[in-house]
Amino acid sequence: MADKKCTIFIVDVGPTMWEVKRDGSEGSTALDLARKALLAMLEAKVFAGLKSDVTGLIVFGTDETSNQLNEQTGEYENITTLYPIEQPQLPILRTVNNNMPRGNVQADAFDAMIVSLNMIEEHCKKLKYTKKIYLFTDGESPINQYDFDRVSSQILSQNIELNILGVDFEDPDIRHSEENKTENKKRNEQFLRKLADKCKGTIFSMEYVLRQLSKPYIRPVKPTSVYRGTLTLGDPETYKSASLVIDVELIARSMKAKLKSFKKYSALAETANNIENKTYEVSQSRTYSITVDENVNEKVDVPQDELDRAYALGKTFIPISKQDENVFSFESSPCLSIISFIGKEEFRRELVLLNVFTVVSKKDDPVAAQRLSSFIHVLYEKDSYAIVRFVKKNFEPPKLGVLIPYIKPPKECLYFARIPFKEDYRRFTFPSLDRIVSKTGKELEVHEYLPTEEMLNKMGKFIEDLDLMNAAIDDDGNPREYLKVKECFNPVNVMIKKAVSHKALYPEEPLPQPDPALKAQTRMLPSLVEKNKELVNEMRSLFKIKEVKGKGKTTKRRFADANVTVEQNLSLDQLLSNGKHEDLEKGKRSKTDNGDRENTLMLEKQEPIREVSLADPVGNFKEMIANREEDLVTTAVEQMCQVVEHFVKSSFGTSLYDKALECLNLLRETCAKENESELFNKFLRELKTIVFTTNPPRTNFWELLERNKLSLIINTEADDSMTTEKEAEEFLKMKLERKSIIETADEEQMPTDELLNLMDDD
């Protein structure tokens, strides 16, 4: 349940608040500023629509008096309770916007505060509430400081947060200082600051408040656990002593903010005059019917509980009864179980799905906190992630997820994100952008579609010049980062809230234009545009960029004029025979240069090579790499690795070593060009382990690699390689002295310490 909140707004409506127009504020009064700030605060509460968030509104300085303390004691005059403590609705917004009282009496702000304390005490009693008081005043009305200690003690004892919003008050944080203040205002401002200090409250200038309220409001969300259970490693039910169990909670870290759904509104009820207490709400109902006799076209209504589901199998529907629907329910129980571990560099960022959750230890459980902290640090130090199976509740389909360690003192936690199953993952291949191969298989170094060094340099400079880290200017004139995540708001959500609020207050007026600040976030900074104007013109000329005006798609049918003769310059025979219609007229078929007959309607295409065979691995590998229709580079590299490993393992003596060396040389050269160096280096490390640990050892093959100086791909050969030349030399010379085979074992039979030791060996 949401925390209960009780907020009282106190507004000064005395003559100094609305009679005197302020300089530099487009002729607005202090009351106009207070109304604007109050309206923004109330709008946020009305939009939230929480019954646990109640609000009251008091004004002082009115000509009349209407408050509970006045009825009891006859004191506290010129103070009016406009709205008692209740859930705020649209009427309070319209009152503040259109019908705010304007008094002609200077009333006591301290008396109004005492009235608000009485209202809070009457409503909240001894219940747990988050209580706040907001006072809007210009400080010109006289204040009776009697009972200062008693009132301040009551504010502290009831744990009430006091906020004073003063018009033209001193504010050193925004360097705001008002000159020509009256002595009364100086004295009252000093007293209010003393009260705020005594009650541990806060005092703001109205200018600062309006600046903060101009930003879109984001309602604070209470952290709520979506899963309370255990994080397990192993099988705690069968092997309790050899398993790791941590009591944890999952709390949403990022989740799409959704607006409240719109309700259907009855325009018919709006025009009806004979209906009392109209709600304008539209009620929906659904009926199901079947056709009994197709000839009569008669339909009979059927209750929903008598219907079964049917699943499409081709064009046939297969009915499934409710008794058989249990087959579709997966028997599962809540869990967060570790399946395996994966290196940080091996996990691809694009695999993350949907929302991200924070995994923390169970509240007020020091044992769980200690275990989780140890687990987080082990993952962090080993640069590893954990792959987990997640089930939120009973009979829910299991989901795959990844646990990512996060440590930033004093905070440490795990981040949980969904990852796809095989059916969810979609892999698309596209032609290479920096490699073009001719029909003969020759790789072209110069082509109109290949970027030149000048193009790369220009594009690199363009990207650097669009850096946002110092693109904006702060209030002090210093450069700062532009478009921080905390400063970016969803323009659609903001505009919908603004439009609904505007329509509620001004039903007959057109909707307002989008906020310029929000529109600016969707466009480039003018300063960056001006800065890169000359460079963009150079790039337009260098890349030969031209505007292509498309005709656009249309579904409109067009008809030719039957009275206009259209000359057809190309016959059907020409279209089918590629211009060789003369041969067709003579009853002959055309022949290619090789003398083979060619079908003019259907050209036979040779199927591309998709597998590196043992018979011709070099030829197959080259054809797969040269394929321009489909990206088979990674597939070819992986298959060639398997071929090389097969040659080394199955070689009778050294019979297949030369063939393996030839394949390995080609593989290394290709991986360096195609940015697959890390894949090659990983395979070569695995091959070295195989060479020295297989029975019998194949050390003479490694000596062959040493003689040919075939080692890891270094960073000077490929941009994606992190290996240095020194590391490659040491790797080639270093011999494995012991058999580094890790005996596989069932995780259920392996103690936790041994599982963590396996991570240490990586």
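The following legends describe close-up views of a predicted model.

The model is predicted, so local features require pLDDT of at least 70 and side-chain atom pairs count only at pLDDT 80 or more, while totals for chains, interfaces and linings use all residues. Residues are numbered from 1 along each chain as its sequence is written, and side-chain values use heavy atoms, with hydrogens and water left out.

View 1. The strands follow the order β3-β2-β1-β4-β5-β6, with mixed pairing. Helices (H or I, at least four residues) and strands (E, at least two) are DSSP runs numbered from the N terminus, and two strands pair if DSSP finds at least two bridges between them. The edges are formed by β3 and β6 (202-205), each of which has a single partner strand, so one side of each lacks a neighbour in the sheet. Direction ignored, neighbouring strands are turned by 15° against each other on average. Helix α2 (residues 30-48) packs on this sheet and touches β1 (5-12), β2, β4 (130-137) and β5 (160-166). The direction of α2 makes about 165° with that of β1. Axes here are lines fitted to C-alpha atoms, for helices over the stretch in contact, and angles run from 0 to 180 degrees between N-to-C directions. Contact means heavy atoms within 4.5 Å.

**View 2. Strand β4 and its two parallel pairings.** β1 and β4 are joined in the parallel sense over 7 bridges, and Val-11 has Phe-136 in β4 as its bridge partner. β4 and β5 also run parallel and are joined by 7 bridges; here Ile-133 stands opposite Leu-162 of β5. Strand β4 is mostly covered, with 6 of its 8 residues buried. Buried means under 20% relative accessible area, exposed over 50%, and partly exposed in between (1.4 Å probe, protein chains only).

View 3. Strand β2 (residues 53-60) and β3 run antiparallel and are joined by 5 bridges, with Val-59 opposite Thr-80 of β3. Asn-78 is found in the loop between α3 (68-73) and β3 (79-86). At 16% relative accessibility, Asn-78 counts as buried. Apart from neighbours within four places in sequence, the contacts of Asn-78 are Val-59, Phe-60, Gly-61, Thr-62, Asp-63, Glu-64, Thr-65, Val-105 and Ala-107. Tyr-76 lies in the loop between α3 and β3 as well, and counts as buried at 15% relative accessibility. The phi of Tyr-76 is near 55°, a positive value in a residue other than glycine.

View 4. The barrel runs β7-β8-β14-β17-β16-β15-β13, with mixed pairing. From one strand to the next, the twist averages 40°. Leu-354 is placed in strand β14 (residues 353-361). Its phi is positive, about 50°, although Leu-354 is not a glycine. Most residues other than glycine have a negative phi, and most peptide bonds are trans. Leu-354 is exposed, with a relative accessible area of 68%.

**View 5. The antiparallel pair β16-β17 and its connecting loop.** Strand β16 (residues 399-408) and strand β17 (residues 411-419) pair in the antiparallel sense over 9 bridges. Val-402 has Ala-417 of β17 as its bridge partner. Pro-410 lies in the loop between β16 and β17, and the peptide bond from Pro-409 to Pro-410 is cis, with omega near 5°. Lys-399, in strand β16, counts as partly exposed at 22% relative accessibility. Lys-399 and Pro-420 are 21 residues apart in sequence and 8.3 Å apart in space, C-alpha to C-alpha. Leaving aside neighbours within four places in sequence, Lys-399 is in contact with Val-388, Arg-389, Phe-390, Arg-418 and Phe-421.

**View 6. The packing of helices α20 and α22.** Helix α20 (residues 657-673) and helix α22 (residues 699-707) pack at an angle of about 45°, with their axes 11 Å apart. That angle makes α20 oblique to α22; angles under 35 degrees count as roughly parallel, over 145 as roughly antiparallel, 65 to 115 as roughly perpendicular and the rest as oblique. The contact is made by Tyr-657, Asp-658, Ala-660, Leu-661 and Leu-664 of α20 and by Asn-700, Phe-701, Leu-704 and Leu-705 of α22. These contact residues divide into 7 nonpolar, 1 polar and 1 charged. Ala, Val, Leu, Ile, Met, Phe, Trp, Tyr, Cys and Pro count as nonpolar, Asp, Glu, Lys and Arg as charged, and the others, Gly among them, as polar.
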